[in-house]
Amino acid sequence: MLQLFQQFFGKKPHTIQLHISSANGFHLRPVAEFVNTAKTFACDISALHQHKSVSAKSVNALLSLGLEKGDSFTLLARGKDAKVATETLQALFARLMQKDKEVSTLGKETKVYEGQIIEGEIISRGVVIAPVCRYAEREFATEARLDFSEALAKSLDELEILYLAHKEEENGSIYLAQKALLHAIADDLDSVETFELTIAEASAHLTGSKMASKIIDYQDILRRVKNHMGIKTEMILPETSTILLAEDLLPSQITQLRSSHVEGVVLKETTLTSHTAILLRAAGIPSLIADYSTVEEHSRVILDANSGMIVSKPSEKDLTEAEKRKTEDRKQRDIAANKRFEKALTRTQKQIHILSNVTDIDSAKEARAEGAEGIGLLRTEFLFKNRKPSLEEQTKAYTEIFSCFENITVRTLDVGGDKKLPYLTLQEENNPFLGIRGIRLFKTHPQLMEEHLHAIFLAANGRPIKVMFPMVSTVEEFMHAKAFAFRTAEKYDLDISAMLFGIMVEVPSVLFLIKNFNRVTDFYSIGTNDLTQYLFAIERTHPSLKVDEHSSVVFDAIKTVIDQADKPVSICGELAADPKAVGILLKIGIETLSVSPKRIAATKEEIRHV
């Protein structure tokens, strides 16, 4: 086939042979990252496998090869960037295979029950005793309807926002991969009927392969688009505790389960590596992969996801033993929870304050439950993702979040660069990371920012909330934004005298202006994600260029702030929760870290060993 390609196109292309070494195969998430990198090169790039050639710049096309462990494919590039493309993609592919570790089968505890046993594979541990219900759904039409192109754009924006909101979590890459898949499939389509047909054809290519579990992602993006077109589908779930039995679930449905009465899940047709399984584990919902066909609807069963079994028609002894294990599990969780509320003291008994980065009321409550001492970063841009909120809606949301803690830092809207909101129009820019971002919205969108601050001030109601401006590069920018804030308070006759105003340290110019900022600002919070990207002039979302976040340059920049600042300094970037970085950060003088809710306990424990 390669000879035919050369004969047709003439000039010999650059080729490399790539071998699939990951037990998970070449699946959606690594494929999405690979394709995003391939798209950056000005050349044609194809993947050849078993006499089939597809574009390596299309997620859908590359997935159609169904590449599993042990397979090989030829990467073929022709054009201006062909040589550098093959070299870069070869190095990237090696990294993807190395980091894509196999999900190990969880070991099963030995347990003997008297009831009827159905063996299963453990997705997520736990014990549940409850009636079962089989999956059911209903489809209905809503009044809010978008046409296909609008629904597609809204879905892409929604997935981007979900990725940015969850990027610190292990499952964040799922949303980015689904966005790439949706873009690849629907970009040139003009109707939902064609979209559904394309989804069906793409799914058919994966049927029967190890990638068959990824079909659920195709169904998920289809449902997301149809929802925005007013064709909604929702699960029918009971109002009492239940164990849900389903063939499979969509990844997007797991979030719904967390706020339902579903205590456990049994799936028949998924795998441990499916995105649904990953999200079930992240949600901590006890779950199995098992054939539940013989289980009677509404019957009370034991789901023992520690021993990997369903116990139907359990005896009284079975129920007593299962309840005992539930109590033991709860006791262990309580011990862990109690430790999360303990102070984070170093070996020398120095206390380090652990705050949390939150996006909404649910994550604020989670942060409180996980032992956070306050909110070190409220990402207001993620609070209303799909539509512009009213003043009343903003005020209500902030009031609820502020009620969770005494110590709260609110970051004003940080939109621009890689963060977009569907209801906020920004001009097209060649370098959006160097354009209208963060604090610059005070000049370009003053009405929006006035309403934004008005809601924050109303919710604060005289409390000493900290207001933090992002992407500050000069003292003059900060003073303009702070003056804007006081004019807003005066306009609506609100007292903000107790409030503190500070900046995110993420633009390198600030490193040379700390002594000047000391005269006007009340606090500093170092955003290591953006600071690192601007220090090295490498966009943090770039598909192939990567920054060493542990570079001494990054720590030297942080130390520069600490040494010169005479106001409190904290860190709210990803480095704050990095086990490799915590010891260094404490050594150079950081005393306050703000991390995601799920990293609070681990970060505290890390500190106790420094």
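**Ground rules.** I number residues from 1 along each chain as its sequence is written, and my side-chain values use heavy atoms, with hydrogens and water left out. As the model is predicted, local features need pLDDT of at least 70 and side-chain atom pairs count only at pLDDT 80 or more, while totals for chains, interfaces and linings use all residues.

**Strand S20.** I took helices (H or I, at least four residues) and strands (E, at least two) as DSSP runs, numbered from the N terminus. Five of the six residues of S20 (500–505) are buried, so this strand is largely enclosed by the rest of the structure; buried means under 20% relative accessible area with a 1.4 Å probe, protein chains only. I then looked up its partners, where pairing needs at least two DSSP bridges. S19 (466–469) runs parallel to S20 over four bridges, with Met-468 opposite Gly-502. S21 (524–526) is also parallel to S20, through three bridges, and there Met-504 has Ser-525 as its bridge partner.

**Asp-81.** I found this residue in the loop between strand S4 (72–79) and helix H4 (82–99). Asp-81 is buried but has no salt bridge, and Lys-80, the nearest side chain of opposite charge, is 5.2 Å away. A salt bridge would need a side-chain nitrogen of Lys or Arg within 4 Å of a carboxyl oxygen of Asp or Glu.

**Cysteines.** I counted zero disulfides, taking one as a pair of cysteine sulfur atoms within 2.5 Å. For Cys-572, the nearest cysteine sulfur belongs to Cys-404, 19 Å away. Cys-572 is buried, at 3% relative accessible area.

Terms used:
Buried < 20%, exposed > 50% of the residue type's maximum accessible area, 1.4 Å probe, protein only. Lys, Arg positive; Asp, Glu negative; His and termini not counted.
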